[in-house]
Amino acid sequence: MPTKRLADQVKAPTIEEVGLYINGIFIRADSSWTVLQAARAHGFEIPTLCYHPDLPPEGQCRLCVVEVGEGDRTRLVNSCTYLVGKDLQVQTHSERVIQARRIVLELLMARAPAAELIKDLAAQHGVYETRFHIDDPEERCILCGQCVRTCREIVGVSAISMANRTPEKQVATPFKEESEACIGCGSCAFICPTNVIPYTEKDGIRTIWGRDFELQPCKVCGNYIAPKAQIEYWAEVTGDPVESFLVCRDCR
Amino acid sequence: MPRFESVDHLTQYRREVKARLDPERPQVLVCAGPGCLPLGSEEVAEAFKEALAEKGLDAKVALKSSGCQGLCALGVRVLIRPQEITYQKVTVEDVPEIVETTLVNKAIVDRLIYQDPATEAKSAHKGEIPFYKNQQPIVLRKLDILDPESLDEYLALGGYRSLRKIFFQMTPEQVVDAVESSGLRGRGGAGFPTGRKWRICREAEGAVKFIICNGDEGDPGAFMDRAVMEGDPHAVIEGMIVGAYAIGARQGHIYVRHEYPLAVKRLKIAIEQAREAGFLGKNILRSGFDFDIKVSQGSGAFVCGEETALINSIEGFIGEPDNRPPYPAQSGLFGLPTVINNVETWANVPEIINMGADWYAAIGTEKSKGTKVFSLVGAVNHTGLVEVPMGTSLRQIVYDLGGGIPEGRPFKAVQTGGPSGGCIPEQFLDLPVDYDSLQEVGSIMGSGGMIVMDNTSCMVDVARYFIGFLHAESCGKCTPCREGLTQLKYIYEEITSGRGEMEHLTLMEDLCRAMASASICGLGQSAVNPVLSTLKYFRDEYEAHIKEKKCPALVCRPLLKYTIDPETCTGCLACVRECPVGAISGVKKEAQEIDQELCIKCGLCYEVCQFDSVKRE
């Protein structure tokens, strides 16, 4: 379960506040919040997988679905993208929600049987094994897209993206070739919730997405700071000279 | 073509064109629709050109290529006006005879006219043939008589008449009201009320708004939007101008898949003609209203027919759907309010304005107004495009228009709404076809695909085919659709290969429930329809596959068994020579035997046997 970030819980109410009901309990929330933010701020549990508080939500995993509406007119929506509204009725653990979540977890267990995170999450929902067919017992990627969004939104280089459709869906560099745009920063591997993006460091060379990056040693202590390509990118983004990044944080 | 500076100018020109086009002048219209084109309609048209020249008739007779004339099963179709004689299965060789008999001697070529498969009665005129007689065309009404590349002809048939009414007699608000009270619902699939969609977009904040025509028709076997874009492109443009005026959009996009090159070409020609004539561009007909249209081409991904995926594709991003809300009417193309309607929806709009909302609302059922175009395909005698009022029964469509099932075989099911529609069994043949009735029995209207199946279709195999299609076309963004379809495909392969278990059926039902409620877009949500409807209405077929390891319709190859009847086998060895794996052996002139271990169940022995000695079960 991803840790609840402080920012989720104590976001100060701004101009407009709306009242809504979660599991029948009346709560108030900033009108710009999503249902997930409102729920978590008030201590309601909603499991998430592809959601990360620092990334724009894309609602791919469908684990955070909640049931909104009343009577016969209800439907499942992503709590991570659905905005709160006045008098909105939200059910976080209705029978329909639980059924969908369990199936999603069973499907992910079949897709990525080697992903510990999924097994743990599934166990929390009472799912201990999958009834579905397992194609690759070693697979760990759950296609949550956090790596892609991190590369695009946080790093700002868009070196990787989702490629192909369902039968071949995968995270890849364009045409699966060495990416000119990649700076070797490794943020994708860092954010990956199932540690599936391979990268190695040996003799001052970092290898990631099939490309080798020469690492820059600190001018003072000699420890590696970052790939040279990343330091050049820092210089480009900040407008500061490359030299200003050649000393590591400890020696500065 | 002049540039029309005013409505009066347009009216004056329309009169001139009408006077110029003599209604009594003989016309030969060769169908160049999606069905007839690959059957050689271009060659037929060329042959007419030569034959007419030979008889010295080329100045007297107008020769044209028209849009789809319907009844595609019996193409190439030729329509002779003004007598309205329709010829079918015309080949290059038939052309001199048609010219001699019909155009010179004013008689009918008997062998090329329609013959009813049941009564064997012959009819030469369009109005007598049940396929045409029982239709009520609004969208398709000009397709068979119009040269799609001629704006003059479109104008002569009353084209762009609605502009006079909207610009000078109606406020945009009144246009929205008219479309709303006409009861028109989106023809692309979901059936959302068009007027309400326009109103939401009209009322949405934003100085810049867009309208989009969704021409990304991708259902297997469906070609109604293609036929309209190819056959009557100006109707789509006219509808879009009305819509743009109603919601206040200055820019429109027509999104067409690149597999429809002729549609792209015709739309581009029509847009250029409309610009020249002043129907598009600045200050249209001095109304003070500006609007223009751009054609955007997709690369043929089925999911790009989904509104938000289509918008992403136009914007240059990956064609994957977005979570809704916000809806495109509030935040669509480039984040601005956008109305997306399907080709057929747009093509209905000019007639609603011309004839009035009440006229339109009088056609159809209580909640589904107007007509619907269906592409009727599969096991019917008369495959082709049909347009009938909403509420027409499936029986009427299949038997009266479709001419029944070939060789009198029994009806089994009809699948409506494209790959994600449901299969409707015989007990619902009298169901009135409208949005709500179809949904009640587990199917959808979809964009209007209609596939008829007889007893030679295995319903498990049918569902397997559609799941395979949807699996290949699912974008893979959300877990339920991506992983769900992968698993459904796997389960179907197991069942049709004889490895199915009864637990699979429960698992499929569980999975479908989650997919229907938790997928992002309509593709995943409705992908369950072929599965659930066949499970509901044809469960016995699933059970036969699983429990008895048999395919009752003898379709699923791994479940078939070929044997040779020793009583009737003459030992001619024809099957032995055909068998690609050498599985048949025996002494010449004595009964042969099939080695079941080696047999790959290709069925060649079954086909080649002259004595019906090879048995299939």
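How far apart are the C-alpha centres of domain 2 of chain B and domain 4 of chain B? In this structure, which is a predicted model, those two centres lie 34 Å apart. Where the two domains meet, domain 2 of chain B puts in 12 residues and domain 4 of chain B puts in nine residues. On the domain 2 side of that contact, seven residues are nonpolar, three are polar and two are charged.

Chain B is divided into domain 1, residues 8–133, then domain 2, residues 159–361, and domain 3, residues 371–457.

Next, one residue of chain B, the serine B:S313. It sits in helix α12 of chain B, a helix that covers residues 307–315. Is B:S313 buried or exposed? B:S313 counts as buried because 22 other C-beta atoms lie within 10 Å, and the cut-off for a buried residue is 20 or more. Which residues does B:S313 touch, once those up to four places away in sequence are set aside? They are B:G298, B:C304 and B:G319. As for B:Q297, 16 residues separate it from B:S313 in sequence, and the C-alpha to C-alpha distance between the two is 9.1 Å.

Now to chain A. This chain has 252 residues, and buried residues make up 36% of them. Its secondary structure comes to seven helices and 11 strands. Taken along the principal axes, the box filled by the C-alpha atoms of chain A is roughly 65 × 50 × 30 Å. If you take the contacts in chain A between residues at least 6 apart in sequence, 53% of them join residues at least 24 apart.

Last, the interface between the chains. How many residues of chain A are in contact with chain B? There are 25 on chain A, and they meet 27 residues of chain B. Two elements of chain A, strand β4 at 73–78 and helix α3 at 95–111, each supply at least two residues of the side that touches chain B. Helix α3 of chain A gives the most to that side, with nine residues. By residue class, the side of chain A that touches chain B holds 12 nonpolar, seven polar and six charged residues.

Conventions:
Residues numbered from 1 in each chain as written. Chains lettered and ligands numbered in written order. Predicted model: local features only at pLDDT ≥ 70, side-chain atom pairs only at ≥ 80, totals over all residues. Helix = DSSP H or I, 4+ residues; strand = E, 2+ residues; numbered from the N terminus. Buried ≥ 20, exposed ≤ 12 C-beta atoms within 10 Å, placed from the backbone. Contact = placed C-beta atoms within 7 Å. Domains from an automatic or database assignment. Nonpolar A, V, L, I, M, F, W, Y, C, P; charged D, E, K, R; others polar.
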